[in-house]
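Can you walk me through how to read a protein model, one feature at a time? I'm new to this, so please keep it plain.

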Amino acid sequence: MKFKILWIEGKRAEGPSFVPTLRKKGYYVEIVSTGSEALRRLFEIDPDLAIIHSASMRTSGKRICKSLRDKVDEIPILVIASANSDVPEDICAQVVLKLPFTSRKLINRIVPLLPGNGENMLHVGPIRLDMETKQVRCQGREANLTPRLAELLKTLMQNPGTVLQREELFKNIWKTEYLGDTRTLDVHMSWLRQAIEEDPRKPQLIKTIRGVGYRLDI
């Protein structure tokens with residue numbers, strides 16, 4: 001899974017760009033040039049991390065930080081500041097790096113901010129599932145799942161766009177051959193919708209296919 005970085009940088013940035021190196025290291029980096037553009041595209045990009053190159057925008061980055069926090073409180077933020085800048089003490093970024101520094105130092109500061117271990121992370125569309133912590137993040141919201149809910153969501157994420165039959169889902173997740181009552185599956189799907197859907201009553205991600213089963217639409 002590629003971690004997503006929302007990179008906010010002014011159009012007249014000076015000095016070497018770190019973006020090519022990050023991309024070579026396997027990160028998906030989406031560049032925007034203003035804080036307002038970052039806010040407009042925040043849920044579309046759904047990043048794991050936001051990096052504000054405040055030095056390229058002649059600003060401290062404090063206002064952009066606050067705006068991002070107001071939208072998605074838990075998003076990690078790293079600010080790149082110029083060497084002689086006065087960074088506000090109350091800036092709501094986890095990390096502030098002052099230029100100059102190397103790409104290696106930047107990556108070393110990025111890694112601890114990213115969620116979980118990449119080997120345990122699944123990312124499909126707007127859904128990120130950490131199978132180690134059993135946490136799911138979708139469209140700016142986070143939820144803790146039970147092991148069974150996590151396995152159920154994992155199965156859906158591994159088969160996006162495919163209709164999964166109720167009986168097979170129940171058999172595989174509950175590890176049983178008894179299929180006399182699969183209503184428990186419906187209850188768990190309802191709980192999953194509460195965790196990831198914007199409106200669980202009108203689900204856009206987990207669709208019920210009447211008489212057959214469920215499908216994850218991305």
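This is a predicted model: local features need pLDDT of at least 70, side-chain atom pairs count only at pLDDT 80 or more; totals for chains, interfaces and linings use all residues.

Q: Let's start with a strand. Is S3 mostly covered or uncovered, and what does a label like S3 stand for?
A: Labels first: helices (H or I, at least four residues) and strands (E, at least two) are DSSP runs, numbered from the N terminus. "Buried" means under 20% relative accessible area, "exposed" means over 50%, and "partly exposed" is in between, using a 1.4 Å probe and protein chains only. Now the case here: S3 is mostly covered, with 5 of its 5 residues buried. Leu49, Ile51 and His53 are buried on one side of S3, and Ala50 and Ile52 are buried on the other.

Q: Which strands does S3 join up with?
A: The general idea is that strands of a sheet pair through backbone hydrogen bonds, either parallel or antiparallel. Two strands count as paired if DSSP finds at least two bridges between them. Here, 5 bridges join S1 (residues 4–9) to S3, and the two run parallel. S3 is also joined to S4 (residues 77–81), by 4 bridges, and these run parallel too. Isoleucine 52 makes a handy landmark: isoleucine 8 stands opposite isoleucine 52, and isoleucine 52 stands opposite valine 79 in S4.

Q: How does the chain get from S3 to S4?
A: The chain crosses from S3 through helix H3 (residues 62–71) to S4, in a right-handed β-α-β crossover. Right-handed means that, with the strands pointing away from the viewer, the path from the first strand over the helix to the second runs clockwise. In the loop between S3 and H3 you'll find arginine 58. Arginine 58 counts as exposed, because its relative accessibility is 60%. The C-alpha atoms of arginine 58 and glutamate 30 are 21 Å apart, and these residues are 28 apart along the chain.

Q: How do H2 and H3 pack?
A: Two packed helices are described by the angle between their axes and the distance between the axes. Axes are lines fitted to C-alpha atoms, for helices over the stretch in contact, and angles run from 0 to 180 degrees between N-to-C directions. H2 and H3 pack at about 20 degrees, with their axes 10 Å apart. So H2 is roughly parallel to H3; angles under 35 degrees count as roughly parallel, over 145 as roughly antiparallel, 65 to 115 as roughly perpendicular and the rest as oblique. Contact means heavy atoms within 4.5 Å, and Gly35, Leu39, Leu42 and Phe43 in H2 meet Ile64, Ser67, Leu68 and Lys71 in H3.

Q: At what angle do H5 and H6 pack?
A: H5 (residues 147–157) and H6 (residues 166–174) pack at about 135 degrees, with their axes 10 Å apart. That angle makes H5 oblique to H6. The crossing of H5 and H6 is right-handed. On the H5 side the contact involves Arg148, Glu151, Leu152 and Thr155, and on the H6 side Leu169, Ile173 and Trp174.

Q: What is the strand order in the open sheet of 4 strands?
A: The order is S6-S7-S8-S9, with antiparallel pairing. S6 (121–124) and S9 (141–144) are the edge strands, each pairing on one side only. From one strand to the next, the twist averages 15 degrees. S7 and S8 are joined by 4 bridges, and leucine 129 stands opposite valine 136 in S8. H5 packs on this sheet and touches S6, S7 and S8.

Q: Which residue has a positive phi near 50 degrees without being a glycine?
A: That's aspartate 46, in the loop between H2 (35–45) and S3 (49–53). Aspartate 46 is buried, because its relative accessible area is 5%.

Q: And where is the cis peptide bond?
A: It joins leucine 99 and proline 100, with omega about 0 degrees. Proline 100 sits in the loop between S5 (95–98) and H4 (103–110).

Key:
Residues are numbered from 1 along each chain as its sequence is written. Side-chain values use heavy atoms; hydrogens and water are left out. A crossing is left-handed if the near helix is turned anticlockwise from the far one by less than a right angle, and right-handed if clockwise.
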